[in-house]
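Visitor: I would like to learn how to read aromatic rings and sheets in a structure. Please show me the case first.

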Amino acid sequence: MKALYEQLKEYGESEYYPYHMPGHKRRQLGCMPEEILQIDITEIEGFDNLHQPEDILRSLQEKAARLYGAEESFYLVNGSTCGILSAISAALPYGGHLLMARNSHKAAYHAAYLRNLTVSYLYPTLLSEYDICDVITPKQVKAALEAEPDIEAVFVVSPTYEGRIADIAGIAEVVHEKGLPLIVDEAHGAHLGLTKSSSKEKDTSSQVLSFHANSCQLGADVVIHSVHKTLPAMTQTALLHVNGNIINRDRLRRFLHIYQSSSPSYVLMASIDNALRLVEKQGEALFLEFQQNFTQMLEILSDCKFLQFSPMDGAQDMGKLVISSKRIGLPGQRIYDILLQEYHLQLEMAAGSYCLAMFTIGDTREAYERMCYALLSIDRDIAEGRIAVEADCVEQEQPAGETECATRQLPLSATQDMNYERLPLSAAWDKDNERIPLQDAIDRYVAEFINLYPPGIPLLVPGEMLEEAMYSQLLQYLNQGLNVQGVSAKAPHLVKVLK
């Protein structure tokens with residue numbers, strides 16, 4: 001079967017005239033490239049229908065399922081967001097009880113709001129050496145399910161935004177003992193489980209990064225992948241996979257119809273097909289090269305004296321380069337800005353004490369060489385005093401995890417010791433609110449999501465109380481120039497609170 005792109009291209013070059021949408025009629029009107037417009041069609045004769053696939057699109061989805069080890073897969077053109085919304089909506093009745101990782105993407109919170117769910121949170125521990133959230137564990141899930149027997153579904157994130165991979169097989173076993181569905185937001189793991197060498201066991205003793213199995217292969221009931229995040233596909237492309245019979249698939253399809261566009265982009269679907277065909281045909285060689293380049297980069301960067309990089313503990317995903325400046329008291333935004341302005345390297349994001357670079361099979365050798373050169377140069381500039389840091393940290397060169405120089409940073413979600421007083425999300429977000437200065441909002445219930453973007457993981461959820469510790473952290477983020485959504489950037493930094 002020809003690639004979807006090839007079929008679209010042939011049709012675009014044919015004599016068929018489009019008396020249908022889209023309105024550009026496959027002509028270049030303005031500056032958009034004609035080769036894109038020629039393959040941008042709607043559901044016409046011979047090209048199937050994503051909401052009732054019976055031909056081309058059905059075959060493509062079946063191929064995706066085989067590739068990832070799922071029973072059934074769905075193409076998504078509204079990103080992982082529509083997959084998360086659909087999965088949670090299908091897994092629970094209206095007003096149901098969801099157990100959810102607190103470091104979940106805001107789409108999971110939106111699903112809880114739309115379905116009027118009661119939400120209990122699983123709080124990830126903090127990897128204090130890097131100030132990033134670690135993963136949810138089977139032990140945590142088991143304890144939560146025993147404490148609240150009315151929970152009806154479990155939602156976790158793996159890999160996390162910073163690349164931490166959970167024991168999904170262990171979590172699935174715990175969840176299935178209760179007869180409940182496990183939904184895994186694996187948006188950042190579309191590359192997992194696609195090589196013959198992918199491991200189903202996490203080797204915590206290994207100091208060499210490897211590719212893990214994906215959550216479909218490890219027992220999850222629903223898995224959502226953002227194809228565009230870690231595979232060579234266009235922005236907004238994703239997949240949803242389903243296994244077993246715990247999830248009602250008719251309900252799942254119903255919610256996919258609701259949350260996904262009724263006019264799906266064939267350009268985006270062709271992009272998914274192209275990425276998966278590439279992996280199927282050349283994946284082993286591409287992933288091997290990826291692994292070699294990334295591992296070699298970490299070896300070269302081990303010469304840095306002041307910057308720290310991704311943990312090498314068997315639970316870290318390939319491709320997520322965490323660049324930590326915590327031990328020298330330097331904000332992650334400062335490293336981010338230097339890499340952007342002086343070396344023209346655009347990172348994924350910056351947080352309080354680290355920044356994040358992403359690598360995929362799409363990166364060339366030059367990408368690794370430029371990053372190594374830049375980070376080694378920055379580390380040298382720190383040593384020689386050209387980049388100002390907290391002097392005591394540099395002079396003492398304290399081991400990672402023992403420095404007292406840097407202000408303790410909260411991760412991108414609440415930590416286990418932050419038991420916020422809160423109101424139900426489904427009620428709080430609809431209550432009357434007012435906008436007041438951030439300082440005046442201490443001990444008030446917030447009326448809007450507050451998060452750093454990227455990644456869109458809520459620091460505060462509507463109905464949670466803004467405590468003084470979080471106020472101080474938000475103020476620090478704002479002073480560092482980070483993008484704090486839900487709080488105005490200019491002083492007095494207005495925020496919405498419940499009346």
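Guide: Ring pairs join Tyr 109, Tyr 113, Tyr 121, Tyr 123, Trp 429 and Phe 449 into a cluster. Keep in mind that the model is predicted.

Visitor: Which charged residue sits over the ring of Tyr 121?

Guide: The charged end of Arg 102 does, 5.2 Å from the centre of that ring. Elsewhere, Lys 320 lies over the face of Tyr 161, at 5.7 Å from the ring centre.

Visitor: How is a pair of aromatic rings described?

Guide: Two values are used: the distance of the centres and the angle of the planes. In this structure the count comes to 16 aromatic pairs. Take Phe 47 and Tyr 266: their ring centres are 6.2 Å apart and their planes stand at 90°, so this pair is edge-to-face.

Visitor: Where in the chain do Phe 47 and Tyr 266 lie?

Guide: The pair links distant parts of the chain, 219 residues apart. Phe 47 belongs to the loop between helix H2 (34-37) and helix H3 (56-68), while Tyr 266 is in helix H10 (residues 266-301).

Visitor: Is Phe 47 buried or exposed?

Guide: Phe 47 has a relative accessible area of 6%, and the cut-off for buried is under 20%, so Phe 47 counts as buried. Tyr 266 is buried too, with a value of 0%.

Visitor: Why is the pair of Phe 211 and Phe 287 called edge-to-face?

Guide: Their planes are at 70°, and an angle over 60 degrees counts as edge-to-face, so the pair gets that name. The ring centres are 5.2 Å apart. Phe 211 is in the loop between strand S7 (182-185) and strand S8 (222-225), and Phe 287 is in helix H10, 76 residues away. Both Phe 211 and Phe 287 are buried.

Visitor: Now the sheet. How do strands of a sheet pair?

Guide: They pair through backbone hydrogen bonds, either parallel or antiparallel. Here seven strands form an open sheet with mixed pairing, in the order S1-S9-S8-S7-S6-S2-S3.

Visitor: Which strands stand at the edges?

Guide: Strand S1 (72-76) and strand S3 (118-122) do. Each has a single partner strand, so one side of each is left without a neighbour in the sheet. Neighbouring strands of the sheet are turned by 20° against each other on average, direction ignored.

Visitor: In which sense do S1 and S9 pair?

Guide: S1 and strand S9 (residues 238-242) pair in the antiparallel sense, over five bridges. Leu 76 has Ala 238 in S9 as its bridge partner.

Visitor: Which helix lies across S1 and S9?

Guide: Helix H4 (residues 79-91) lies across several strands, including S1 and S9, and runs at about 165° to S8.

Definitions and conventions. Residues numbered from 1 in each chain as written. Predicted model: local features only at pLDDT ≥ 70, side-chain atom pairs only at ≥ 80, totals over all residues. Heavy atoms only, no water. Phe/Tyr/Trp six-rings, centres within 6.5 Å; stacked < 30°, edge-to-face > 60°. Helix = DSSP H or I, 4+ residues; strand = E, 2+ residues; numbered from the N terminus. Buried < 20%, exposed > 50% of the residue type's maximum accessible area, 1.4 Å probe, protein only. Lys NZ or Arg CZ within 6 Å of the ring centre and 35° of its normal. Pairing = 2+ DSSP bridges. Axes fitted to C-alpha atoms, helices over the stretch in contact; angles between N-to-C directions. Contact = heavy atoms within 4.5 Å.
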